[in-house]
Amino acid sequence: MTKEQLRLRSLLTTALFAAIIGIMAQLIIPLPLVPITGQTLAIGLAAVILGSKYGTFSVLLYLALGCAGVPVFAEFSAGFSVIVGPTGGYLISYIPVVWIMAKYLEKTKFTFAHALTANIIGMFITLIIGTAWLKWMADLSWTAAFLSGFAPFIIGGFIKALMAAWIGLLVRKRLISARLLFTNQLSTKAVNKSAS
C-alpha cells in the first residue's frame, strides 16, 4: 500500500470521526447553563486515536459542519450562533485542546499513563476556556461561572479522561494494524515496500 493510499484512508477515518463527535454530542445530562455531553470524550478519543494532524482536522470538520447548519452540536443544535453563544468557548477550545493532547502523546509515547495525563490536561484547558467564555458571554460573576461552568464537570471529566485513554489506545492500535490510520512509521514502511 502506498503512502497516498494510507493518507486517503486516514482522511476517511478523520471524516468518520467528525461524525462520531457529532453523535456523541447528543449524549446529554442536562444542567441549567451548560449540559454534560459526550463531546469531550469524543475529543479525547480523537487526540489519542488520530494524533495531532488528523485529530485537529476532525474537530475543524465537526465545527464547520455545525456552523454550516448541520445539527451536530449538543441537543441537535447548529449554526454560528452556537459558537458565539454562552457555551461556544467549550466548542472553540476543542481545536487547541485536541492538538495539545495529541502533540503531548507524539512527543512522549502512546501509553495509558501518558494518554490519561494528556486527557486530564485537555479537560482542564477546556474547562478554563469554556468557563471564561461563559462568564463573559453570560455576564456572570467568576463565582457563578465557576459553579455552573467548571465545578460540575470535574468528576465526569476524570471519568471521561480514563475512558478516552483506555478506549483510544485500543482503537488506535487496531486502526494502525488494519492500515486505516496513517502514521509516520506506516508511511516509511509503505514507501520502502513500494520501492522494493
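Visitor: Why are α2 and α4 called roughly perpendicular to each other?

Guide: Happy to start there, with the reminder that this is a predicted model. The axes of α2 and α4 cross at roughly 110 degrees and come within 8 Å. Angles from 65 to 115 degrees count as roughly perpendicular, so that is the name for the pair α2 and α4.

Visitor: What classes of residue make up the contact of α2 with α4?

Guide: That contact has 17 nonpolar, seven polar and two charged residues.

Visitor: What makes L50 a buried residue?

Guide: L50, found in helix α2, has a relative accessible area of 4%. The cut-off for buried is under 20%, so L50 is buried. Leaving aside neighbours within four places in sequence, L50 is in contact with T13, T14, F17, L45, G55, S58, R172 and L181.

Visitor: Which residues of α1 are buried?

Guide: They are L6, S10, T13, T14, F17, A18, I21, G22 and M24. With 22 residues, α1 reaches 31 Å from its first C-alpha to its last, close to the 32 Å expected at 1.5 Å a residue.

Visitor: Why are N119 and T126 called buried?

Guide: Both values are set against the under 20% cut-off. N119 has a relative accessible area of 6%, so N119 is buried. T126 has 4%, so T126 is buried too. Each has its own contacts, leaving aside residues up to four places away in sequence. N119 is in contact with G44, V48, M101, A161, A164 and A165, while T126 touches T40, Y90, S93, Y94 and V97.

Visitor: How do you know that α7 has the span it should?

Guide: Helix α7 has 24 residues, which at 1.5 Å a residue should span 34 Å; the end C-alpha atoms are 34 Å apart, so the span agrees. Among the buried residues of α7 are A161, A164 and A165. What covers the buried residues of α7 includes α1, β2, α2 and α5.

Visitor: Which residues have the most contacts inside the largest nonpolar core?

Guide: I43, Y62, F73 and L91 do, in a core of 49 residues. The elements that give two or more residues to this core are α1, α2, α3, α4, α5 and α7. The largest share, 13 residues, comes from α2. As for Y62, the residues touched include A18, I21, F73 and L91, not counting those up to four places away in sequence.

Visitor: What makes D139 and E75 exposed residues?

Guide: Here the cut-off is over 50%. D139 has a relative accessible area of 68%, so D139 is exposed. E75, at 56% relative accessibility, therefore counts as exposed. D139 is in the loop between α5 and α6, and E75 lies in the loop between α2 and α3.

Visitor: What is the phi of D139, and what is the phi of E75?

Guide: Phi of D139 is near 55 degrees, a positive value in a residue other than glycine. Phi of E75 is near 60 degrees, again positive in a residue other than glycine. R179, which follows α7, has a positive phi near 55 degrees.

Technical notes
Residues are numbered from 1 along each chain as its sequence is written. This is a predicted model: local features need pLDDT of at least 70, side-chain atom pairs count only at pLDDT 80 or more; totals for chains, interfaces and linings use all residues. Side-chain values use heavy atoms; hydrogens and water are left out. Buried means under 20% relative accessible area, exposed over 50%, partly exposed in between (1.4 Å probe, protein chains only). Contact means heavy atoms within 4.5 Å. The expected span of a helix is 1.5 Å times one less than its number of residues. A nonpolar core is a set of buried Ala, Val, Leu, Ile, Met, Phe, Trp, Tyr and Cys residues joined through side-chain atoms within 4.5 Å. Axes are lines fitted to C-alpha atoms, for helices over the stretch in contact, and angles run from 0 to 180 degrees between N-to-C directions. Angles under 35 degrees count as roughly parallel, over 145 as roughly antiparallel, 65 to 115 as roughly perpendicular and the rest as oblique. Ala, Val, Leu, Ile, Met, Phe, Trp, Tyr, Cys and Pro count as nonpolar, Asp, Glu, Lys and Arg as charged, and the others, Gly among them, as polar.
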